[in-house]
Amino acid sequence: MAAEVTSAREHSTANAGNAVRGDVRTVGGVTENGYSAPLKRAILSYENSHRREDVEHIAVYDDEGNQLSHRKSKKQDEVNLYPKDVPRESLILTHNHPGGLFHDGVMSIGNSFSLEDMKLALKYNAKEIRAVTPRYTFSIKRNGDSWGVTSRQISKAFKNAEARVTAEGQSYADRIGFSKTVDERYHVTYFHKINKLVAKELGWNYSKKKG
Ligand SMILES: [Zn+2]
């Protein structure tokens, strides 16, 4: 569970042979920095017991590690949260992304945040949103007391990042030639790369760690 802190440098497409190694790195900082001991214990324990679930679960925590609410989806994704589940601002939301469960190899890493995830954090002014897959933990923290943007600005940043990541993936495949490996690496890093770009543009703290 120890997070390895390294530079924010993502493995470049030029060393795709080391893509799996590169993905092991934490980007941007230790995910639980600043947590109280009870919060760290509680949230990591919850995440570890749900990271291999085949439907989405979401939980809301306060700084002291109290779980204020918990919901389970009936489907693989789209778990819902309701206003009564989030009694105040600046709480921490965590949920699992089951997608990686259904793949072997590099694809088992699973996906980083969707646009809907980012908007959920904004809607409730949560201080952080986390997502866990069977092998990884992703986190986005706001900077300061608010996310500093509108829902529309998030959509725009996300859309621009999507276009850039898609174009870069296409240009890489054109150069290297299409293969299953190239395709898998493109898909498994797709949302991660988008999150990095969006977080950089909007001034958020995005990180990813193994475990
Ligand atoms: Zn999600």
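Which residue of strand 4 does V60 stand opposite? I looked it up in the predicted model: V60 faces S69.

**Entry 1: strand 3 and its neighbours**

Strand 3 covers 57–61, and strand 4 covers residues 67–72. The two run antiparallel and are joined by five bridges. They make a hairpin, with five residues between the strands. In that turn I noted G65, whose phi is positive at about 90 degrees.

Next I checked the link from strand 3 to strand 5. Strand 3 and strand 5 are also antiparallel, joined by four bridges. A59 has T94 of strand 5 as its bridge partner.

Are the residues of strand 3 buried or exposed? Five of the five are buried, so the strand is largely enclosed by the rest of the structure. I then sorted the side chains by direction. H57, A59 and Y61 point one way, while I58 and V60 point the other way. In a regular strand the side chains alternate between the two faces of the sheet.

Six strands form an open sheet, ordered 4-3-5-6-7-8, with mixed pairing. Strand 4 and strand 8 (205–210) are the edges, and each pairs on one side only. Ignoring direction, neighbouring strands are turned by 15 degrees against each other on average.

The parallel case I looked up was strand 5 with strand 6: these strands pair over five bridges. Within that pair, L93 stands opposite I129.

Two helices came up on the sheet. Helix 3 packs there and touches strand 5, strand 6 and strand 7. Its direction makes about 145 degrees with that of strand 6. Helix 5 packs on the sheet too, touching strand 7 and strand 8. The angle between the directions of helix 5 and strand 8 is about 150 degrees.

**Entry 2: helix 5**

I gave helix 5 (180–202) its own entry. Helix 5 has 23 residues. From first C-alpha to last it reaches 33 Å, close to the 33 Å expected at 1.5 Å a residue. Where does helix 5 bend? It bends at T189, by about 45 degrees.

T189 is also on the list of buried residues in helix 5. That list includes R185, H192, N195 and K196, along with Y186, V188, F191, I194, V198 and A199. Just after the helix, G203 takes a positive phi of about 80 degrees.

**Entry 3: the core**

Then I turned to the largest nonpolar core, which has 34 residues. Which of its members touch the most other members? They are L93, F113, A121, A126, I129 and I140.

I listed the contacts of I140, leaving out residues up to four places away in sequence. I140 touches F113, M118, A121, E128, I129, N195, A199, W204 and Y206. Of these, N195 and A199 are buried residues of helix 5.

**Entry 4: chain totals**

Last, I took the overall counts. The protein chain has five helices and eight strands. Along the sequence they follow β-α-β-α-β-β-β-α-β-β-α-α-β. Buried residues make up 34% of the 211 residues. For contacts with a separation of 6 or more, 64% join residues 24 or more positions apart.

How values were computed:
Residues numbered from 1 in each chain as written. Predicted model: local features only at pLDDT ≥ 70, side-chain atom pairs only at ≥ 80, totals over all residues. Core = buried A, V, L, I, M, F, W, Y, C linked by C-beta atoms within 7 Å. Buried ≥ 20, exposed ≤ 12 C-beta atoms within 10 Å, placed from the backbone. Contact = placed C-beta atoms within 7 Å. Expected span 1.5 Å × (residues − 1). Bend = angle between axes of the 7 residues up to and from the residue. Pairing = 2+ DSSP bridges. Axes fitted to C-alpha atoms, helices over the stretch in contact; angles between N-to-C directions.
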